[in-house]
Amino acid sequence: MTKTAFVTGVTGQDGSYLAELLLKKGYAVYGMIRRLSSPNTRNIAHIMDQIHLIDGDMTDQSSLITALMESKPDEIYNLAAQSFVGTSFRQPVLTADVNGLGVVRLLDAARSTVPDAKVYQASTSELFGKATEIPQSETTPFHPRSPYGVAKVFAYWACVNYRESYGMYVSNGILFNHESPRRGMEFVTRRITNGVARIHHKLAKHITLGNLDAKRDWGYAPEYVDAMWRMMQQKGPGDLVIATGETYSVRDFLRLAFAEVGIEDYEAYVKVDEKLLRPADVHTLCGNPAKAEKSLGWKAKTKVPELVKIMVEADLERVKEERHHR
Ligand code: NAP
Ligand code: F7E
């Protein structure tokens with residue numbers, strides 16, 4: 001029988017890759033989309049005719065109830081969020097509303113309309129923040145460092161609570177950073193690969209960044225949505241770290257990205273702007289995916305050097321096209 005999935009955040013990086021994966025697996029896919037004055041459907045333009053779009057917003061309880069009643073999903077993937085940590089310092093209340101309370105709204109809408117549906121929550125390595133150990137695993141204590149992280153900790157525990165209180169199948173995927181050519185332009189990897197492409201095509205002279213010493217465990221987004229799906233096929237719910245197990249600094253990422261276009265002295269092309277430093281930052285993240293590897297049979301294949309190559313190549317191509325159409 002055809003399974004039905006309901007995906008919030010379908011227009012985002014992960015939502016669009018997940019929708020593709022679910023379609024390939026034969027699911028009926030419902031994607032929640034919020035009303036914007038200028039539609040933001042670039043990531044799903046190629047599959048728009050295959051998915052059912054339902055309007056709704058994480059800040060509007062009634063829209064979530066209606067969307068679930070209409071779609072009657074077997075699986076709910078909650079990927080919607082104000083996902084940029086930097087903005088969460090400037091919009092802490094909105095971030096808490098969407099990323100924190102929004103999850104309770106969705107869980108409660110599911111409890112009253114489709115209590116047997118499985119729920120996936122997009123949890124994050126930002127839960128660990130000022131991490132007390134390296135690498136971080138499912139048992140590492142949480143110490144969030146931003147309004148984004150704080151809201152996601154609240155959401156994480158709300159999911160555990162709905163699981164324990166009502167016996168619902170609710171799982172937290174604690175995903176470490178994952179990137180792709182669909183990554184939003186404000187995130188550091190994309191700022192770098194877009195900047196390298198613009199410099200290569202002589203449209204820019206340098207890239208401006210903030211904290212170059214931060215270290216992250218960066219993986220490839222299409223592989224991470226596969227881990228989400230696998231988590232929903234388990235006998236019971238649970239919380240898992242999804243990561244590569246390797247960590248690189250922003251400087252490492254810069255060096256590798258510039259090397260793709262034959263530039264070795266990358267420092268000559270990078271400016272640091274203090275305004276891009278965060279009031280509190282997360283210094284080092286490195287995940288321990290051992291539990292996921294064992295229970296899901298999932299392992300990250302694409303590591304940073306290959307990820308950089310994929311992203312730089314895609315941005316080189318896109319910038320070249322844009323230049324032609326000027
Ligand atoms: P993204 O590209 O920024 O996508 C976020 C999605 O959420 C977009 O579709 C956006 O819609 C939607 N959204 C924002 N506010 C909303 C609201 N009030 N109501 C309904 N939808 C709303 O993020 P992503 O990288 O795909 O990440 C997906 C999820 O995983 C997020 O929850 C993020 O916090 C989490 N996460 C991401 C990573 C990572 O490294 N990518 C790691 C761990 C966890 P619009 O297109 O209309 O803006
Ligand atoms: O920053 C530093 C910055 O914004 C990474 C989200 O998907 O992953 C993401 O959050 C690091 C930070 O990602 C710039 O200070 C330096 O230390 O790319 P980012 P993030 O904050 O790690 C987690 C797992 C999520 O859950 C989030 O949703 O890079 N950095 N210079 C910079 N960062 C940005 N954005 N821009 C710079 O110019």
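Does glutamine 91 count as buried, exposed or partly exposed, and at what relative accessibility? Glutamine 91 counts as partly exposed because its relative accessibility is 39%; buried means under 20% relative accessible area, exposed over 50%, and partly exposed in between, with a 1.4 Å probe and protein chains only. Glutamine 91 sits in the loop between helix H3 (85–90) and helix H4 (92–113). Helices (H or I, at least four residues) and strands (E, at least two) are DSSP runs, numbered from the N terminus. Aspartate 60 is 31 residues from glutamine 91 in sequence and 18 Å away in space, C-alpha to C-alpha.

The model is predicted: local features need pLDDT of at least 70, side-chain atom pairs count only at pLDDT 80 or more, and totals for chains, interfaces and linings use all residues. Residues are numbered from 1 along each chain as its sequence is written, ligands are numbered from 1 in the order in which they are written, and side-chain values use heavy atoms, without hydrogens and water.

Ligand 1 has 27 residues around it; Thr11, Arg34, Asn40, Ser83 and Tyr148 come nearest. A residue counts here if one of its heavy atoms lies within 4 Å. The side chain of serine 83 places an N or O atom 2.6 Å from an oxygen atom of ligand 1. A polar backbone atom of aspartate 14 is 2.8 Å from a ligand 1 oxygen atom. For leucine 79, the distance from a polar backbone atom to an oxygen atom of ligand 1 is 3.1 Å. Alone, ligand 1 exposes 900 Å², of which the protein buries 89%; accessible areas come from the Shrake-Rupley method with a 1.4 Å probe. Helix H1 (13–24), strand S5 (118–124) and helix H5 (147–166) each give two or more residues to this shell. S5 gives the most, with 3 residues.

Ligand 2 is surrounded by 23 residues, the closest being Ser83, Thr124, Tyr148, Arg278 and Asp281. In arginine 278, a polar side-chain atom is 2.7 Å from an oxygen atom of ligand 2.

Helix H10 (residues 304–324) has 21 residues. The buried residues of H10 include Val304, Leu307, Met311 and Asp315. Among the elements they pack against are helix H6 (188–200) and helix H8 (250–260), where contact means heavy atoms within 4.5 Å.

Conventions:
The expected span of a helix is 1.5 Å times one less than its number of residues. A polar contact is a pair of N or O atoms within 3.5 Å; within protein, one must be able to donate a hydrogen and the other to accept it, and residues adjacent in sequence count only if both atoms are side-chain atoms.
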